[in-house]
Amino acid sequence: MRKVMIILLALVLALPLAARGEGADVLVESFIQRTGVRADAAMREKIGAFLREKSISAQVLDMIDDALLQSYARHLSEDIPIDYAALLDAPSLPMPEGAKVLRLAVLQPEGAAMESLLADFERGLVYYDENWPVPEDVCRAQYAGTLSDAAGAALLERLDGMTLEDQCGDIAGMEFGAIRVAVAWEGGVTRCTAAGEGVSEAFLDGVCALLETGRAAAQGEL
C-alpha cells in the first residue's frame with residue numbers, strides 16, 4: 001500500500017502547477033494552517049518556493065498526510081535540506097586524497113524498489129528507506145535520525161575500504177537500474193555508478209555494508 005501511495009503522489013506531483021490554477025498565497029496559507037508553523041515573511045517565501053519547486057497544488061496538499069507535512073515544515077523552519085539532488089546530478093569529479101566527506105548517498109535498486117541511504121555528516125543527520133530513493137526527499141524516508149559519532153565513523157570506515165570511480169561495470173542501457181554511491185566533499189561530488197558485468201564482489205559487499213550501517217544508524221541502533 002505504501003508503494004502505491006508513493007506512486008500516486010509522484011504522478012500527481014508531475015502535473016504542471018499552472019494547469020491546476022491555484023493561487024500561491026492560498027496554498028502557502030493552507031500549508032501554514034495545517035502545520036501550525038510560525039511564519040514571518042521570510043518563512044512564507046520559503047514555503048512558497050518549496051510548493052513551487054515541488055509543483056504542489058491544493059489537491060496534492062490535501063493528499064499529503066499530517067506527519068509528512070509537519071516534517072516539511074520543520075525542515076523549512078530549521079533550514080534542513082529536503083532533498084540532496086546535487087549528489088545525484090552534479091558532475092562527478094575525482095575525489096582529492098584526504099578530502100573530508102560532507103555527505104554520502106547510496107542507492108541500490110531491487111526490482112521496483114530502491115534501498116537507499118543519505119548521511120549528512122555536517123548536520124549530523126541520517127536517513128534510510130528500503131523502497132524509496134531518500135536523496136530525492138528525505139522527509140519521506142522510512143527512518144530518520146541523528147547521526148552519532150560512532151555511526152558516522154562506521155560509515156566512513158566502510159567507505160574508506162571502497163574504490164570509487166566515475167563509472168564501474170558495464171552500465172550501458174542500465175542507468176535507471178544502477179547502483180549509485182555519491183560522496184560530496186568541499187568543492188565537488190564523486191559518484192560511482194555500477195550495473196551489469198564487471199561489478200566486483202568487493203564493491204557490492206561495500207554497498208551492502210554501507211546500507212546496513214545506515215539502516216542501523218537511522219533506527220538509533222548505533
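A residue is taken as buried when its relative accessible area is under 20% and as exposed when that area is over 50%, with partly exposed in between. In the predicted model, phenylalanine 50 therefore counts as buried, at 5% relative accessibility. By the same cut-off, buried residues make up 46% of the 222 residues in the protein. The protein contains 8 helices and 7 strands. Of the contacts with a separation of 6 or more, 62% are between residues 24 or more positions apart.

Helix α5 spans residues 66-77 and has 12 residues. The distance from its first C-alpha to its last is 16 Å, close to the 16 Å expected at 1.5 Å a residue. At the N-terminal end, α5 is capped by aspartate 65, with a side-chain oxygen 3.2 Å from the backbone nitrogen of alanine 67. The buried residues in α5 are Leu68, Leu69, Ser71, Tyr72, Ala73, His75 and Leu76. An α-helix has 3.6 residues a turn, so residues three or four places apart point the same way. The packing partners of the buried α5 residues are the helices α2 (24-35), α3 (41-53) and α4 (58-63), together with strand β3 (125-129).

Aspartate 79 follows α5 and is placed in the loop between α5 and α6 (85-89). The phi of aspartate 79 is positive, at about 55°, although the residue is not a glycine. Aspartate 79 counts as exposed because its relative accessibility is 53%, above the 50% cut-off. A positive phi near 55° is also found at serine 55, likewise a residue other than glycine. Serine 55 is located in the loop between α3 and α4. With a relative accessible area of 19%, serine 55 is buried, the limit being under 20%.

Apart from neighbours within four places in sequence, methionine 43 is in contact with Val37, Arg38, Ala73, Leu76 and Ser77. Two of these contact residues, Ala73 and Leu76, are among the buried residues of α5.

Phenylalanine 31 counts as buried, at 0% relative accessibility. Phe31 and Phe50 form one aromatic cluster with Tyr72, which is a buried residue of α5.

The rings of tyrosine 128 and tyrosine 143 also have their centres 6.4 Å apart, but with planes at 20°, so the pair is stacked. Tyrosine 128 lies in strand β3 and tyrosine 143 in strand β4 (residues 143-146), and the pair links distant parts of the chain, 15 residues apart. Tyrosine 128 counts as buried, at 4% relative accessibility, whereas tyrosine 143 is partly exposed, with a relative accessible area of 29%. A charge also lies over an aromatic ring: arginine 140 is placed over the face of tryptophan 132, at 3.8 Å from the ring centre.

Alanine 119 is part of strand β2 (residues 113-120) and is buried, with a relative accessible area of 0%. Not counting residues up to four places away in sequence, alanine 119 touches Leu102, Arg103, Leu104, Leu125, Val126, Leu147 and Leu155. The C-alpha atoms of alanine 119 and alanine 151 are 9.8 Å apart, and the two residues are 32 residues apart along the chain.

The count of disulfides comes to 0. Cysteine 192 is buried, with a relative accessible area of 0%, whereas cysteine 208 is partly exposed, with a relative accessible area of 39%.

Notes:
Residues are numbered from 1 along each chain as its sequence is written. This is a predicted model: local features need pLDDT of at least 70, side-chain atom pairs count only at pLDDT 80 or more; totals for chains, interfaces and linings use all residues. Side-chain values use heavy atoms; hydrogens and water are left out. Helices (H or I, at least four residues) and strands (E, at least two) are DSSP runs, numbered from the N terminus. The expected span of a helix is 1.5 Å times one less than its number of residues. Buried means under 20% relative accessible area, exposed over 50%, partly exposed in between (1.4 Å probe, protein chains only). Contact means heavy atoms within 4.5 Å. A polar contact is a pair of N or O atoms within 3.5 Å; within protein, one must be able to donate a hydrogen and the other to accept it, and residues adjacent in sequence count only if both atoms are side-chain atoms. Rings of Phe, Tyr and Trp (its six-membered ring) pair if their centres lie within 6.5 Å; planes under 30 degrees apart count as stacked, over 60 as edge-to-face and the rest as tilted. A charge sits over a ring if NZ of Lys or CZ of Arg is within 6 Å of the ring centre and within 35 degrees of the ring normal. A disulfide is a pair of cysteine sulfur atoms within 2.5 Å.
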